[in-house]
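Good morning, colleagues. Please look at the model on the screen while I go through its packing and its charged pairs.

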Amino acid sequence: SAGANTQANINAKNAQIQQLERQIQAIQNTKNQTSQQKSAKESEVTNLRNQVNQLNKDISSLQNQLNQVGQQITETENNIQSTTQSIQDLEQKIDENKATLQGLVENLYKQSHVKNEIVAVVSADNLSEVFNAVKYSDTIQNRIQTLLTEVMDKKAALDVENQNLSNQKATLASTQGTLEDRKESIESSKNQVQSQAQASAVAVNQLNASLNSLNSQQQELERQRRATAVELANLEASLSRQFGGEGRVCSARGYAWPVQGGRITQGFGMTPFARTGAYGGAGHNGIDIGAPTGTPVFATASGTVVSVGFNNNSYGCLLYTSPSPRDRQKS
């Protein structure tokens, strides 16, 4: 009964170790998945931050263009003001010359009137006066025409220049508006990418926390597995000490200890050696007892020998007994 209880405890410890190993493997699988997710998120954060850096460069470039366009607009406005002032000065000059032009016109009119009077009453002796009057009249007209042409041409040129500057300002203002729209759009994109990068960074931190928690759980399970393995080894050693002699019962079914002395080198079930896959994933189907070479091996129970043979696959000499195939024991 004591041996059966010890073996039951050994089986329970083996089952406990198997359960712990399944839990450890499950945690390891979760760690692997979490590590992959973390790596993917870290790559995502890197890519998003690179995008933010590129967008910042684009924004800086657009800002430089806006500064240049702003300077051009300022220069154009200054030129428009200068041209407008020139037009105003010219118009003032025209106003100032109005009196002069008016005097010339009045003088011309008088000369014309006198000339007509002279022509009406002139004799052949004073025709030279008529010619002088006509010549003076022509000079006055040419002077008026020159002043008018000069003033009108200059004002027209200034008007054209002013219009060109206004058009140039309108074009620059349109360019400025386009650049500002592009800058606003890029800044909006940058804000979105920054939000995504921050969210991904938070996800990385959460995955790091999950990995730390999983590591702690795995370490605790491995500690339990090591402790259980020590307990299992102690139980197997205890079983070997308790039933290490000829004729001693070692199980509830009445099997006797097969050798005098000896020790259990491998227990039953999912032993450490079985967990290496030595039995194709199955547990050990018996117990191994180590003893010096030449130690007699006794039958563990009464029965009839049905066959004896040698197995080269490390089992050595095998003896099978009856009364029934179900009760065959390998010795």
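I shall begin with the nonpolar cores and then turn to the salt bridges.

This is a predicted model, in which local features need pLDDT of at least 70 and side-chain atom pairs count only at pLDDT 80 or more, while totals for chains, interfaces and linings use all residues. Residues are numbered from 1 along each chain as its sequence is written, and side-chain values use heavy atoms, with hydrogens and water left out.

A nonpolar core here is a set of buried Ala, Val, Leu, Ile, Met, Phe, Trp, Tyr and Cys residues joined through side-chain atoms within 4.5 Å. Buried means under 20% relative accessible area, exposed over 50%, and partly exposed in between (1.4 Å probe, protein chains only). The largest core has 13 residues, of which Val69, Leu179, Ile186 and Val193 touch the most other members. Helix H1 (2-121) and helix H2 (127-242) each supply at least two of its residues; helices (H or I, at least four residues) and strands (E, at least two) are DSSP runs, numbered from the N terminus.

Seven salt bridges are present in the structure, each a side-chain nitrogen of Lys or Arg within 4 Å of a carboxyl oxygen of Asp or Glu. In one of them, Arg275 meets Glu21 at 2.4 Å, N to O. Arg275 lies in the loop between strand E1 (263-266) and strand E2 (288-290) and Glu21 in helix H1, so this pair ties together parts 254 residues apart in sequence. Another joins Lys169 and Glu77 at 3.3 Å, N to O. Here Lys169 belongs to helix H2 and Glu77 to helix H1, 92 residues apart.
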